[in-house]
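Visitor: Could you take me through one part of this model in detail? I would like a close look at a single strand and its surroundings.

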Amino acid sequence: MSFIAMNRFKIRPGREADFEQIWKSRESRLKEMQGFREFRLLKGPTHDDHTLYSSHALWDSKEDFEAWTKSEQFRAAHKNAGKREGESPIMGPPSFEGFETVLLET
């Protein structure tokens, strides 16, 4: 039916705007890929030591998502990941979660 690819990010307190700007100014290239439907950056709860964010991409299939991860577009979109000046707003690597749709209601 569809596949949802999510990455969870823990963001340092006070660095939320920096993290959001990284996403807003990135070269996405997702729209070039077969099976891509939509992308969302979600802001979650704030805790004492971090604010939780999740990137959320909806694909037609797991195979379409996997093709993205092996594509030139993926390499280009991630070429500067982790190469920011100063301390990163991100606390460690993201945590990936992939989900295949088993039930859909609209």
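Guide: Two strands are said to pair if DSSP finds at least two bridges between them, strands being DSSP runs of E with at least two residues, numbered from the N terminus. This is a predicted model, in which local features need pLDDT of at least 70 and side-chain atom pairs count only at pLDDT 80 or more, while totals for chains, interfaces and linings use all residues. Residues are numbered from 1 along each chain as its sequence is written, and side-chain values use heavy atoms, with hydrogens and water left out.

The strand to look at is E3, which covers residues 51–59 and belongs to an open, antiparallel sheet of four strands in the order E2-E3-E1-E4. Strands E2 (36–46) and E4 (95–100) stand at the edges with a single partner each, so one side of each lacks a neighbour in the sheet.

On one flank, E3 pairs with E2 over eight antiparallel bridges, and a hairpin of four residues joins E2 to E3. Along this pairing, Phe39 lies opposite Ala57 of E3, and Phe36 is opposite Trp59. On the other flank, strand E1 (residues 3–11) runs antiparallel to E3 and is joined to it by nine bridges, with Met6 having His56 as its bridge partner.

In a regular strand, side chains alternate between the two faces of the sheet. In E3 both faces are covered, with Thr51, Tyr53, Ser55, Ala57 and Trp59 buried on one side and Leu52, Ser54, His56 and Leu58 buried on the other, where buried means under 20% relative accessible area (1.4 Å probe, protein chains only). Because nine of the nine residues of E3 are buried, the strand is largely enclosed by the rest of the structure.

Notes. Buried means under 20% relative accessible area, exposed over 50%, partly exposed in between (1.4 Å probe, protein chains only).
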